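Subject: Structure for your attention

Dear colleague,

Please find below the structure I wished to pass on to you. My findings follow directly after it.

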Amino acid sequence: MTDRIVNIWGSRTPHAAGSAWPLRVDQYVKEGIPEAEVEWFRSACVLCSNGCGMDIGVHAGRMVGVRGRASDRVNHGRLGPKGLFGWQANHAPDRLTEPLVRRDGRLDGASWGEAIELVVERSRQVLKEQGPLGMGFYNTGQLFLEDYYTLAVVARGGIGTPHLDGNTRLCTATAEFALKETFGTDGPPGSLTDFDECDTIFMIGHNIAETHTVLWMRILDRLHGSDRPRLVVVDPRRTKAASEADVHLAIRNGTNLALLNGIQHELIVHGWIDRSFLEEHTVGFKKLEQNVMQYPPERVAEICGVPPEGIRTAARILGSGERLVSTCLQGVYQSHQATASACQVNNINLLRGMIGKPGCTVFQMNGQPTAQNTRETGANGDLPGMRNWQNVDHVEELASIWNLDSLQIPSWAPPTHAMQIFRYAEEGSIRFLWIVGTNPAVSLPELHRIRSILGQERLFVVVSDAFLTETAQFADVVLPTAIWGEKTGTYTNHDRTVHLSEKAVDPPGQARSDMQIFLDYAEQLGLTDRDGAPLVKWRSPEECFDAFKEMTRRRPCDYSGLSYEKLRSSSSGIQWPVTDNRPEGTERLYVDLAFNTDTEFCEDYGHDLLTGAAYERKDHAELDPAGRAILKTSHYLPPHEAPDEHYPFLFTSGRTAYHWHTRTKTGRAPQLEGAAPDVWVEISVRDAERLDIAEGDFVRVESPRGGLEAKARISGIRDGVIFAPIHYGYWDQPGGAEPDRHARAANELTLTDWDPVSKQPIFKIAAVRIKKFADSDGTPAPAPTTTASEPLTQGIPTNSGSDGVREKLEGEE
Ligand SMILES: Nc1nc2c(c(=O)[nH]1)N[C@H]1C(S)=C(S)[C@@H](COP(=O)(O)OP(=O)(O)OC[C@H]3O[C@@H](n4cnc5c(=O)[nH]c(N)nc54)[C@H](O)[C@@H]3O)O[C@H]1N2
Ligand SMILES: Nc1nc2c(c(=O)[nH]1)N[C@H]1C(S)=C(S)[C@@H](COP(=O)(O)OP(=O)(O)OC[C@H]3O[C@@H](n4cnc5c(=O)[nH]c(N)nc54)[C@H](O)[C@@H]3O)O[C@H]1N2
Ligand code: SF4
Ligand SMILES: [Mo]
């Protein structure tokens, strides 16, 4: 039995390049439950995009534990702390069990009939008065494929509004755009097994040890095995990956593009590039070379605030291996010049000719467990099946699949991105906003503004959630939803592995699945196809999946050879594309080095990375990449908000290993909540000394937009940078009667600004000041000690707090 709060990654099972990652089955079952009486249901974890194969243990109709699936290709049995303990939220006493409607300013219980009727009635009124452009839908990366596809058909096809987006806009929009810019379509090219094979890992803006804990176990087992891969980490904080790295570049946040241009400069100058690969399989090298020649290490060192020698060493490592895996995430996607930077990560692999073969790939990582499906189904700002909204044939094809007139599907302009949806609501052109599975009153930037938008009288807000979140408290109607474990459906992780998750227990009270809610809504609203038949043709998740898979035929995310039956009978998840020709799925994309950049096939005609100007079909046809990857390039510009004398620090925000976003789940799991019970702020040793701040002192951090109060943690963060976790809204204790409204959300500080290409908000840069307002009460900051937040002050007790986790190694009984 191990304490997996102290020991996040569990015991090591080292292995060498090319050998299979050993099995280790992690299991947690509540004390006192006889193991023989536990019934196991097949599923996969939904607390990050790794999508670890997992079984849900049930006893007397309730979840009592989980265990990793040994046979699953993703995790070989392992689970991280969130996976092990997060399921307890399903049975939290404060789950929503009945619909709520606002009467005289208060949310009161109501029947489903009443609640849906109210939503339908208001939809009719808005449609009559403002047309489809009065209707907005803001969803998530945390539902199941079947929920999303139903929503996409209802919103884009039935209602015909372009105002449908996911919180994936805050999350993986840049991943998707970087893939489209370089390779022509979305679709993660690599396989998690590439980490088993590689000799070099490049990790930029990705706190993988905490945000993809099981993938970090896989990498740690290589780092601690023979034949250790070399590791380059770029992050302003000393993350656990940074501590294991050969080179850690703690750059100033907001300067990724300069650094990545500098690394390419070195690769080209030293000839560490694959010229024949570049000639045959890429376009754009000349322009790229011209641009990056302006980024010698000395200049880049100045911009990024790291020594030139570090940049040279990092480039030498990246330029000398034979099998390179690169990963990036929010330190790139939510930072300055996001898409431009993410494309340079693709370029580095392309310059080295390292893609499409074992151990060679780039992971434009996902974050949310089902974000890949938001994108594939078109519940974000895309057309379903990775279709190109600017390509008339693609729109026509979709219309014929849905049996609609193609004019019904909005494609006269780009789908509206989330920040613009909120802008329209602010201006009053959107009057109906349905928020599904996301908590924007905590997770969107500049929260005082978001609260004022959601609080408007003229905006009708519907919230579908399992809990009465900060956002739900603004709603006119709250719909209680069934969540993971309480409904059947599928989802796809960041290496295209599709899992089926079985319904293991009944949802509490009257809670219903999101798919069911959208079906009821569509039916009552009377949405029909062009022959007057009901628009949505399915009643069950499986029927929905079957319709979805037909819709994806011959598109990159081709699911046509998959079925529930196949997923049930396979010992593991299966990677798309799955077709008649590839019935077992596809481990890697682009093994033939033919990329999806054909003008007819591609999902996007591309953008100017600096300004975000969208190219048109003729521009793409002229470039004529025809199956070659596109090397895109851009110059570095300084971030829009720079520190000054009033706000001298750079603020950044992010995650800790124990919590999931706004904590609706992990805050209700005692082991996880205990490990990080309240907000903290990280500051470097030197800055703390200068400002006379000690561990545990109370500080106030302010930006031009707002402030937050927290205890200070003196950590290994870069000088001049302040970090706060994103997990803390303003509710206090689960089930607590009165929410604690002291400001502790990171987004009180952040700004309303986004990347010009992906439209992903910039959460990782803001100018702030910090001030101590009270001495410590003698207790340290409520921050973990086992993570990037590790204290540099002596004598802080280690966080601990779980028992009963069993790790069963291969061959053990
Ligand atoms: N435990 C846990 N795991 C999660 C989640 C969670 O809430 N909790 N959420 C999931 C989701 S949805 C997502 S999107 C992922 C996010 O996963 P990550 O992207 O790994 O997480 P973050 O903490 O947001 O940011 C990563 C790192 O970026 C660094 N950074 C900040 N600014 C910059 C910059 O300008 N340049 C560079 N190079 N680095 C910078 C930060 O110091 C931080 O360590 O995690 C997923 N996994
Ligand atoms: N400052 C700052 N802000 C950030 C970030 C950052 O790094 N810094 N990261 C951004 C990123 S990457 C992300 S992904 C977002 C996350 O931000 P949010 O999406 O707002 O965070 P969650 O807490 O995951 O909210 C998900 C909600 O869905 C509910 N839910 C769970 N399952 C279901 C279901 O099956 N159906 C329904 N209807 N509801 C369900 C949960 O109870 C919860 O309320 O935050 C973003 N905001
Ligand atoms: S790594 Fe992600 S998917 Fe795997 S157990 Fe942890 S939270 Fe769940
Ligand atoms: Mo995310």
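Cys 328 is buried, since its relative accessible area of 0% falls under the 20% limit. This value, like the others in this message, comes from a predicted model. Cys 198 is likewise counted as buried, at 0% relative accessibility.

With a cut-off of 2.5 Å between cysteine sulfur atoms, the number of disulfides found is zero. For Cys 198, which is in no disulfide, the nearest cysteine sulfur belongs to Cys 360 and is 8.8 Å away. For Cys 328, also in no disulfide, the nearest cysteine sulfur is that of Cys 343, at 9.6 Å.

Three strands form an open sheet in the order 18-19-20, and their pairing is antiparallel. Strand 18 (489-492) and strand 20 (574-575) are the edge strands; each has a single partner strand, so one side of each has no neighbour in the sheet. Between strand 19 and strand 20, the antiparallel pairing extends over two bridges. Val 498 has Ile 574, in strand 20, as its bridge partner.

The loop from strand 19 (497-501) to helix 21 (514-525) holds Ser 513. Is Ser 513 buried or exposed? With a relative accessible area of 19%, Ser 513 is buried, because the limit for that class is under 20%. A polar atom of the Ser 513 side chain lies 3.1 Å from the backbone nitrogen of Gln 516. When neighbours within four places in sequence are left aside, Ser 513 is in contact with Ala 482 and Lys 487.

Yours sincerely,

A colleague

Technical notes. Residues numbered from 1 in each chain as written. Chains lettered and ligands numbered in written order. Predicted model: local features only at pLDDT ≥ 70, side-chain atom pairs only at ≥ 80, totals over all residues. Heavy atoms only, no water. Helix = DSSP H or I, 4+ residues; strand = E, 2+ residues; numbered from the N terminus. Buried < 20%, exposed > 50% of the residue type's maximum accessible area, 1.4 Å probe, protein only. Polar contact = N/O pair within 3.5 Å; in protein donor to acceptor, adjacent residues only side chain to side chain. Contact = heavy atoms within 4.5 Å. Pairing = 2+ DSSP bridges.
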